[in-house]
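Take a look at the structure below. Keep it in view as you read.

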Amino acid sequence: MTVTVLTLLKRRADMSKADFIAYYETHHRLIGEKVLGPWAIRYERKHLHPLDGTDVDHDFDVAMEIEFADEAAMAACFAALAEPDTRREITEDEERLFERPRMRVYRVEQHRSDMPQTTSLPV
């Protein structure tokens, strides 16, 4: 059974959403791919855009998901991430991008409803 870790992240207050996404996807993502590559089977960033168009202070800007094949892969990855040189590289780049005290990390318990397929919208 796979294991998913979800991290909610807030951009620095002095960074626009467009600049945040651009930096994340052209730079920080590459660090993630490098350090997660040996263990993760999926590394996905879901940039969040409020439906009402209004950002508020308590909002997060991205939901990052990392999926592992199993508990052992997750544990090995977290051990590698704790290595001093790796931790330093990640932390230094996170400080350029995120409000680090706002980071929230969760293990995901997932339940899914398969919805019936319809050919038209209800009236």
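This report covers a helix and a group of aromatic rings.

## About the model

This is a predicted model, where local features need pLDDT of at least 70, side-chain atom pairs count only at pLDDT 80 or more, and totals for chains, interfaces and linings use all residues. Residues are numbered from 1 along each chain as its sequence is written, and side-chain values use heavy atoms, with hydrogens and water left out.

## Helix α3

Helix α3 covers residues 84-97, 14 residues in all. Helices are DSSP runs of H or I, at least four residues long, and strands are runs of E, at least two, numbered from the N terminus. From first C-alpha to last, α3 reaches 20 Å, close to the 20 Å expected at 1.5 Å a residue. That expected span is 1.5 Å times one less than the number of residues.

The buried residues of α3 are Ile90, Thr91, Asp93, Glu94 and Leu97. Buried means under 20% relative accessible area, with a 1.4 Å probe and protein chains only.

## Aromatic rings

The whole structure holds 4 aromatic pairs. Rings of Phe, Tyr and Trp (its six-membered ring) pair if their centres lie within 6.5 Å; planes under 30 degrees apart are stacked, over 60 edge-to-face, and the rest tilted. One of the pairs is Phe20 with Tyr24: edge-to-face, 5.9 Å centre to centre, 85° between the planes. Both lie in helix α1, 4 residues apart, about one turn of the helix. Phe20 and Tyr24 are both buried.

Phe20 also pairs with Phe98: the ring centres are 5.9 Å apart and the planes at 70°, so this pair is edge-to-face. Phe20 lies in helix α1 and Phe98 in the loop between α3 and β4, so the pair ties together parts 78 residues apart in sequence. Phe20, Tyr24 and Phe98 form one aromatic cluster.

Notes. Buried < 20%, exposed > 50% of the residue type's maximum accessible area, 1.4 Å probe, protein only.
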